[in-house]
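Welcome! Here is a short walk through one protein model, from a single helix out to the sheet and the ligand shell. Have your viewer open as you read.

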Amino acid sequence: MLPALSPACSPSLLPLAPPAPTKPADTPSSLSPTPIVLPYLPLPPITYIMGLHEKVRILSDAGKYDICASTSCANPPAVRPNASIGNVMPPGVCHSFTPDGRCVSLFKVLYTNACSMDCTYCTNPTCHRKESFQPKELCDAFMSLYMRNYVEGMFLSSGIARDPERTMDDILEAIELLRNKYRFGGYVHLKILPGANLDQIKRATAIADRVSINVEAPSSSLLSSIASNKEYGNDILLRQRWIKESIKKGGAPAGQTTQFVVGAAGENDREIIDRLWMEYRDMKLKRGYFSAFNPIKETPMEKEDGTPLWREHRLYQTDWLLRVYKFPRREVYGVLDDDGMLENMDPKLALARRTFDRPVDPNEADYRSLLRIPGIGPTSASRILEHRKRGGRIENIRTLKSMGAVANRARPFLMLNGWQASMERWWS
Ligand code: SF4
């Protein structure tokens, strides 16, 4: 939740005070740390601060549909109507994970909510209140939140106000200002607009940690059914290729990602899995994000049915099988029904139920077979193999648990000491 954005709480966006002296008088200079020189930002007028609050509120609200972490904006339960702390619905701050596993809180916001495109699921082209940052305004708002420890980085996306190149230039100017004048060296995830030029992509990958461009739908024809003026091959795939080349030369160390609006174009899960697999293979994608389509009032799709959140969740689990477990795509097809859809069940469990014809002995199975047992992941599979290499045996569920396996999930699929570990014989 974005803290302290109401005008009543305006001190949260006050500009930074000049830095305090960093070296105590009695500290020997040889032992004193190198002083960190913070930029001095002069106090802007109060009207500027108040105006910024409103802009931040509107543009962070408009940014809530862009995803940079696998947490859904689930509706809070009605039994907690007044709960605000921990509620993931309000926009502004979201959490994401860095490549080394740290969780960082990000200021998630649009540069502008004005958009000349016609994506039928999106509220920006039809919304009545249009706002845009100036580069300095965005930097002031971000640094104010950052210095109060509310956020550690930024996820910046945008509508396409005039043409993509002009808006992209404004965005780049803002982030270059943040890096060069405000000296912010932390995490920035920057959205590349469809149609951005090659030079802009090079600039973006030079200053951002991660960049992304949304494919939205798994194919050209499906995209054109929901966004008639986006050209899949040219506006998106070509730009992803340029991003890949720039990353290869050392840009954007956290790589590129993309996002699907699940269910908006009437695609099935097999089409999403296929596109995702191609993205990992051809674009060297770090990961894909899924956003269940949610009909928004006053958009052309307001009367359509929304996509259930469980579908988004099952796609994330399937993505995990492809990306982390490295299951072949054809094997993942095994969990799809005749319409190419996932059922509402953990796909690894569904796969095991369909393919296991007998329980597996963890003392005999190779890495690939261990990984296919629900409850056993890459880490626990490697530990089992290490244990066996040292002459150890898996005699009981407790040993398996000590290696990080989720015992209850694995139990029905295991043979231990010649005995099936559970009486559940549903695979026969
Ligand atoms: S490009 Fe499409 S999805 Fe993005 S802001 Fe514009 S209308 Fe919305």
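Which residues of helix 10 are buried? They are P347, K348, A350, L351 and A352. This is a predicted model, so please read the values below as computed from predicted coordinates.

**Helix 8 and its surroundings**

Helix 8 has 15 residues and spans 21 Å from its first C-alpha to its last, close to the 21 Å expected at 1.5 Å a residue. Its buried residues are E312, R314, L315, T318, D319 and L321. The elements covering them include strand 6, helix 7 (269–282), strand 7, helix 9 (329–332) and helix 10 (347–355).

Seven strands make up an open sheet, in the order 1-2-3-4-5-6-7 and with mixed pairing. Strand 1 (93–97) and strand 7 (287–292) are at the edges; each has a single partner strand, so one side of each is left without a neighbour in the sheet. On average, neighbouring strands of this sheet are turned by 25° against each other, direction ignored. Helix 8 (residues 309–323) packs on the sheet, where it touches strand 6 (256–262) and strand 7, and its direction makes about 170° with that of strand 7.

In general, strands of a sheet pair through backbone hydrogen bonds, either parallel or antiparallel. Two pairings of this sheet are set out here:

| Strands | Direction | Bridges | Residues standing opposite |
|---|---|---|---|
| 3 and 4 | parallel | four | M154 and V188 |

How enclosed is strand 4 (residues 187–191)? Five of its five residues are buried, so strand 4 is largely enclosed by the rest of the structure. Both of its faces are covered, with Y187, H189 and K191 buried on one side and V188 and L190 buried on the other.

A174 is placed in helix 3 (residues 164–180). It has 23 C-beta neighbours inside 10 Å and therefore counts as buried. Leaving out residues up to four places away in sequence, A174 touches Y111, F133, P135, L138 and C139. F133 is 41 residues from A174 along the chain, and the C-alpha atoms of the two are separated by 9.0 Å.

E298 lies in the loop between strand 7 and helix 8. Is E298 buried or exposed? E298 counts as exposed, because it has 9 C-beta neighbours inside 10 Å. E298 and Y121 are 177 residues apart in sequence, while their C-alpha atoms are 9.8 Å apart in space.

**The ligand shell**

Around the ligand are C115, M117, C119, C122, N124, P125, G159, I160 and A227. The residues of this shell divide into seven nonpolar and two polar, with no charged ones.

**The whole protein**

Stepping back, the secondary structure of the protein comes to 14 helices and nine strands. Of the 428 residues in the protein, 39% are buried. Among contacts between residues at least 6 apart in sequence, 70% join residues at least 24 apart.

Key. Residues are numbered from 1 along each chain as its sequence is written. This is a predicted model: local features need pLDDT of at least 70, side-chain atom pairs count only at pLDDT 80 or more; totals for chains, interfaces and linings use all residues. A residue is near a molecule or strand if its C-beta atom, placed from the backbone, lies within 6 Å of it. Ala, Val, Leu, Ile, Met, Phe, Trp, Tyr, Cys and Pro count as nonpolar, Asp, Glu, Lys and Arg as charged, and the others, Gly among them, as polar. Two strands pair if DSSP finds at least two bridges between them. Helices (H or I, at least four residues) and strands (E, at least two) are DSSP runs, numbered from the N terminus. Axes are lines fitted to C-alpha atoms, for helices over the stretch in contact, and angles run from 0 to 180 degrees between N-to-C directions. Two residues are in contact if their C-beta atoms, placed from the backbone, lie within 7 Å. A residue is buried if 20 or more other C-beta atoms lie within 10 Å of its own, exposed if 12 or fewer, and partly exposed in between; C-beta atoms are placed from the backbone. The expected span of a helix is 1.5 Å times one less than its number of residues.
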